[in-house]
Amino acid sequence: MTSSARSARASSVRSSRKAAAEAPAEAAAKAPPKVSSAGSSAKARRTAKAAAKTSSPADATAATPAARTSAKPESRLAMVRRARRINRELAEVYPYAHPELDFQNPFQLLVATVLSAQTTDLRVNQTTPALFAKYPTPEDMAAAVPEELEEIIRPTGFFRAKAKSLIGLSTALRDNFGNEVPGRLEDLVTLPGVGRKTAFVVLGNAFGVPGITVDTHFMRLARRWKWTEQDDPVKIEGEIAGIFPKSEWTMLSHRVIFHGRRICHARKPACGACPITHLCPAYGEGETDPEKAKKLLKYEMGGYPGQRLNPPPDYPGTPAPPLDAP
């Protein structure tokens with residue numbers, strides 16, 4: 001072998017050795033650094049802690065729906081606890097919750113509740129002063145000329161059917177109950193135009209008898225909050241009665257209805273202005289932007305008059321105007 005061949009061979013061997021020596025270092029440079037499991041956990045904890053400090057409540061709320069979606073199904077016990085917490089927190093939001101119909105006695109409340117079907121409490125409150133001035137007692141209303149009664153209650157809608165119910169229930173009160181509204185459910189539901197919802201409004205607010213008022217607002221929110229999957233008012237009433245103590249039924253009804261009228265609307269809930277989003281499985285169905293959501297608030301929550309012309313002394317809003325107000 002010539003000297004030039006030996007020299008070339010030696011050079012090739014040196015190059016191969018150099019490449020073999022550099023390969024592990026190059027691979028190590030490309031590979032991710034190795035850390036102990038303890039170090040990895042500690043780093044993860046530090047990262048999570050830092051994220052928690054820098055994230056805003058809005059970020060946490062926004063992440064809530066996704067977390068709920070991926071979570072396992074809610075147990076009955078967890079639902080009951082969440083439902084009762086909603087009731088407690090609504091009590092803090094609406095400490096002044098009350099029936100939104102003006103009345104001075106059980107008869108006025110009964111009549112106003114019958115008139116409230118398919119209209120607002122505000123329109124009823126604007127109509128009843130003239131009605132009760134002309135027909136202050138069941139006996140007076142039982143003797144009413146239908147056309148004259150219809151004309152007075154016309155603003156509430158369905159005035160012919162409502163006039164028939166009012167004359168019918170007034171006649172029954174006169175003939176069967178001595179001109180007095182009975183304080184028992186089984187008696188109230190025998191009156192023309194009076195169902196369980198109307199009966200519980202009267203029992204709870206005129207007689208202090210606990211009852212759950214399943215109106216359209218209550219029904220919507222009970223389903224939206226996953227308290228029930230029923231769509232029949234009587235079945236909803238039965239299921240909700242099994243969740244809450246009887247002593248809470250009347251005020252629970254007021255709080256839920258208040259929330260449904262002011263914030264948790266049917267078509268566009270004001271999610272971004274809602275104080276119980278952390279408990280709501282339906283968060284995100286409505287407007288989540290806080291500024292846009294504020295514009296959806298109604299009545300005193302939005303700075304507007306309430307539905308009563310004569311609200312309770314502790315009501316934080318302004319009274320509604322009478323029917324003939326400019």
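The model is predicted; local features need pLDDT of at least 70, side-chain atom pairs count only at pLDDT 80 or more, and totals for chains, interfaces and linings use all residues. Residues are numbered from 1 along each chain as its sequence is written, and side-chain values use heavy atoms, with hydrogens and water left out.

Confidence is given as pLDDT, the predictor's score for each residue from 0 to 100. The protein chain has a mean pLDDT of 85. In the chain, 78% of residues reach 70 or more. Residues 1–63 stay under 50. For this stretch the model has five contacts beyond four places in sequence. A contact means heavy atoms within 4.5 Å.

The protein chain holds 15 helices and zero strands. Helices (H or I, at least four residues) and strands (E, at least two) are DSSP runs, numbered from the N terminus. Of the 326 residues, 39% count as buried. Buried means under 20% relative accessible area, exposed over 50%, and partly exposed in between (1.4 Å probe, protein chains only). The accessible surface of the chain comes to about 18200 Å². Carbon and sulfur atoms account for 55% of that surface. Areas follow the Shrake-Rupley method with a 1.4 Å probe; for residues, only the protein chains shown count as cover. Among contacts between residues at least 6 apart in sequence, 60% join residues at least 24 apart.

Helix pairs come next. Two packed helices are described by the angle between their axes and the distance between the axes. Axes are lines fitted to C-alpha atoms, for helices over the stretch in contact, and angles run from 0 to 180 degrees between N-to-C directions. Angles under 35 degrees count as roughly parallel, over 145 as roughly antiparallel, 65 to 115 as roughly perpendicular and the rest as oblique.

The axes of helix α6 (residues 121–134) and helix α8 (residues 146–153) come within 9 Å and cross at roughly 155 degrees. The two helices are therefore roughly antiparallel. From α6, Thr-127, Ala-130, Leu-131 and Lys-134 meet Glu-148, Leu-149, Ile-152 and Ile-153 of α8. This contact has five nonpolar, one polar and two charged residues. Ala, Val, Leu, Ile, Met, Phe, Trp, Tyr, Cys and Pro count as nonpolar, Asp, Glu, Lys and Arg as charged, and the others, Gly among them, as polar. Also in α6 is Thr-128. Thr-128 is buried, at 3% relative accessibility. Beyond four places in sequence, Thr-128 contacts Ala-112 and Leu-115.

Helix α12 (residues 216–224) packs on helix α14 (residues 249–262) at about 85 degrees, with the axes 8 Å apart. The pair is thus roughly perpendicular. His-217, Phe-218, Arg-220 and Leu-221 represent α12 in this contact. Their partners in α14 include Leu-252, Ser-253 and Val-256. By class, the contact has five nonpolar, four polar and two charged residues.

Ser-253 touches Gly-211, Ile-212, Thr-213 and Phe-218, not counting residues up to four places away. With the same exclusion, Phe-258 contacts Tyr-94, Tyr-96, Ala-97, His-98, Glu-100 and Glu-300. Phe-258 and Glu-100 lie 158 residues apart in sequence, yet 9.1 Å apart in space, C-alpha to C-alpha.

In helix α11 (residues 196–206), the buried residues are Thr-198, Ala-199, Phe-200, Val-201, Val-202, Leu-203 and Gly-204. Their cover includes α5 (106–115), α10 (185–188), α13 (233–241) and α14. Just after α11, Gly-208 takes a positive phi of about 70 degrees.
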